[in-house]
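Please look through the sequence and the structure shown here before reading on. The briefing that follows takes up two topics in turn.

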Amino acid sequence: MPHTKNALSFTLHLADTALILAQRNGEWCAHGPILEQDIAITNITLDLIGQARNFYQYAARLHEANENAVTEDSLAYLRTEGQFKNLLICELPNGDWAQTILRQFFFSTFQMLLFEKMKQSNNTQWVAIAEKSIKETHYHVKWSSEWVIRLGDGTTESHDRITKALDTLWMYTGEFFIPASYEMIEVTALKNEWMNKVKEVFDEATLTIPENVFMQTGGKNGVHTENLGFVLTELQYLQRVFPGAEW
Amino acid sequence: MEIYNLEKAFQEKIDKEIKIEPKDWMPEAYRKTNLRQISQHAHSEIVGMLPEGNWISRAPSLKRKAILIAKVQDEAGHGLYLYSSAETLGTSREQMIDDLHSGKAKYSSIFNYPTLTWADMGAVGWLVDGAAILNQVMLCRTSYGPYARAMVRICKEESFHQRQGFDALLVLSKGTEEQKAMCQDAINRWWWPSLMMFGPKDSESTNSDQSMKWKIKRKTNDELRQNFVDMIAEQIKLLGMTLPDPDLKWNEAKKQYDFGEINWDEFWNVVKGNGPCNKQRIAARRKAHEEGEWVRAAALAYAEKKQLRTKAKVA
Amino acid sequence: MNTPIRKFYYGDIPEENTGGSINAISSNEKAWPLWEVFIRSKQGLDHKHVGSLHAADATMAIENARDVYTRRQEGISIWVVESKFIHASDPADAESLYEPAADKIYRHPTFYDLPDAVKHM
C-alpha cells in the first residue's frame, strides 16, 4: 500500500526532526547563559520530545500490521543515519546562543505553518498531534522571534554573532520547502508566508535576508551532514550496547 | 531599642514560631548564616544539574530522556527560587555566583562525584535526592520566611525525583545480569557519599548549635542521617540489592539501624576541593556564565534601547 | 508612609538599625533587574505573589515567569512588576499601623448577639 508507506515515511520524518532538534537543544540544559533561559530552552526541548514521541508512537502503529516489535524506542534508537529523515538544520551543532536561537526561529516558524496545514489533513492522527503541538510551537515562535530581535538589535557583538549564525544556517532553510516523494503536505506552498514572517522579524532585528544562496538538501531522504552520525552514536549508545534490555 | 533588647525580642519571636521576614530586624549573624546556607543550597542545585545533565543525551529511552530533562530543569528552578530568597537578605545573585566561581562559596560535595553509568541516574535520584528531601522537608519549617516558602515549593516539586530514581533502579534490578551489576555498582559508589551529605557529626559541627537555636535547622545532622539510613535500609530490600556496609544491622534495642563509620578524611578532602570532579564542575559553571555574558548584555542593551524609543514616541 | 525598596531586595532595611550588612557587589557586569511574580491559579482567584526572577524587560519577565513558575499548571494569568517599584510598610511601624484595629470588635459580625429567631443574617 503506497499510501501507508508514504504516511509512515512522512510521520518518521516529523518524528526524527523533532527528536534530533530536542537532542541538540538538550545539550543546553545546565549550560545556558542565565538560569531563566536555561529553563526556557529546556521547556522547548521537552515540547519537542513530546512531539517526537507522539509521531513515533503513531509510526509504530502504522508498522504494526507487519511487525510487532516496533515501538517508539526501536524507531528512535535502532535506525541508522541513512534511515533517519530529519531536516539537516536540526542536526547541526548548537554553536553559540545566537545560532541556537536563529535555528529555533527558522524551524519553529516553519513548523507552525506546517502544523496549520496538517490540521486540515484527513488523517485524524496527524490532526490530533498538530492541534496539540501547535500551541507549543506558537510559543516557540514568539520566544525565538523576540530573541532574534534582541540579539540583532542588541549590542555590536550580538549583532555580529547572529549575522554569523545567519551565514551558517541560511543554506539549510531551503530544505523546508523542497518536498520529498513521500511528503503528504504541500510544503512548497508554505514558502511565501515563511519568508514574510522572517522578513518581518528581521526588519525589527536589523538583519538582512541573504540572497542567491545555494541550498543544502538530503535530510528528508536520509542523506545527512557528518554531524548526524555523532548525534546518533550518543543517543543510541545504551540500546546498542545492551540489545533487548528494558530500561 | 538597644541591640540587647532587639536580640531578645528577636529570639522571642523565634521561640513563638513567628517567621522572620526580610524587613524585620535580625542579628547580623542570623542574616549571614541564612545567606550562607541558602546560597550554598542554591549553588548545590545548580552544580547538581551537571552530573545528571551528563546523561541527557544518552538516556536509554524517550520516556527516560523526558523524565531526566524535566528533573534537571526542576533543579534549575529550585536554584532560582533559592537565589531569589537569598537575594532578600541583600546580596545579588551575581555576587553569589561570583563567590561560587571564585571558590569562596561552597556547595554540596556530593556533586563532585562522577556519574559513570546510567544506573547512576537511578542512584542519584533515590539516594542523593532522598537524602536531600529529608533535609528539605525539615527546612519547610525553617524560621526565615522566604527560605521556608521556597522550600515548600521545592518539596512539592521534588517528590517525583526520588520516585523516578527508585523506579529506574527497580527496572535495572529486574533486568539482565549486566543491568543488575550496573545497579549494584551504582549503589556501592553513591551510598557513602550520600551519608556524608548530612554533614559532619553533631559533635564536630560548628554551625549546628546556633542554627538550632534560631530554628534555621530543626534537626541535627546525626538525627537526619539516622532517619535516612533507617529508610534506605528497608527500601533496598525491594531492589534485592545490598548496601556496601558490613556493619549495617538492625538494633532491636534502639529500634534503628547501626551502621559503619564514615570515611571523614574523604569527606573533608572533597569539601576542600580534592574530589574527583570539583574542578570540572566549577569550570563548567564558569564557562556557561562567561559564554552567556554577551547574551545577557545584548538583552539589557536592547531593553534600554526599546525604552528610550518608547519615551521618544511619547514625547 | 511608604518605604521605597531598593534594588535586589524587596525586604531591605537600612544597615544602621539592622545589625545586618549588605555586601558590596564586586561583579562589573550589570545584571538583569529583579521582578516580582504574581500568579492567578484559576479564574476567580486573586493573583498571588509566588516569587521573583531576573529578566531584561517586561515581556521577557512574563515569559520567564511562565517557564519558571507554571511548569506544573500552577497558573492561568501572570503579573510581573519590577521589584524596585514595590513600596512596603516599615515593620517598625507595625504596632501603630495594625494594632489599632484590634479593639474595633464591633466590625465583626460575631460582636452582635441576636435572637435565634432572626434567620439569614
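Helices here are DSSP runs (H or I) of at least four residues, numbered from the N terminus. In this predicted model, one such element is helix 6 of chain B, which spans residues 145-173 and includes V171(B).

**V171(B) and its surroundings**

- V171(B) has a relative accessibility of 25%, and it therefore counts as partly exposed.
- When its neighbours within four places in sequence are left aside, V171(B) is in contact with E246(A) and W247(A) from chain A, and with R64(B) from chain B.
- Although V171(B) and L239(B) are 68 residues apart in sequence, their C-alpha atoms are 9.0 Å apart in space.

**The contact between chain A and chain C**

- Chain A gives 12 residues to this contact and chain C gives 12 residues, and the area buried between them is about 1100 Å², with carbon and sulfur atoms giving 53% of it.
- Of the area that chain A buries against chain C, 45% is supplied by E36(A), Y139(A) and R150(A), which is more than any other three residues supply.

**Polar and charged pairs, and the side of chain A**

- Two salt bridges are counted between chain A and chain C; one of them joins R150(A) to D57(C), with the closest N and O atoms 3.7 Å apart.
- Between these chains there are also six residue pairs in polar contact, both residues being at pLDDT 80 or more.
- On the side of chain A that touches chain C, the elements giving two or more residues are helix 2 (35-63) and helix 6 (124-152) of chain A, and the largest share, six residues, comes from helix 6 of chain A.
- By class, that side of chain A has six nonpolar, two polar and four charged residues.

Terms used:
Residues are numbered from 1 along each chain as its sequence is written. Chains are lettered from A and ligands numbered from 1 in the order in which they are written. This is a predicted model: local features need pLDDT of at least 70, side-chain atom pairs count only at pLDDT 80 or more; totals for chains, interfaces and linings use all residues. Side-chain values use heavy atoms; hydrogens and water are left out. Contact means heavy atoms within 4.5 Å. Buried area is the accessible area (1.4 Å probe) that two parts lose on being put together, summed over both. A salt bridge is a side-chain nitrogen of Lys or Arg within 4 Å of a carboxyl oxygen of Asp or Glu. A polar contact is a pair of N or O atoms within 3.5 Å; within protein, one must be able to donate a hydrogen and the other to accept it, and residues adjacent in sequence count only if both atoms are side-chain atoms. Ala, Val, Leu, Ile, Met, Phe, Trp, Tyr, Cys and Pro count as nonpolar, Asp, Glu, Lys and Arg as charged, and the others, Gly among them, as polar. Buried means under 20% relative accessible area, exposed over 50%, partly exposed in between (1.4 Å probe, protein chains only).
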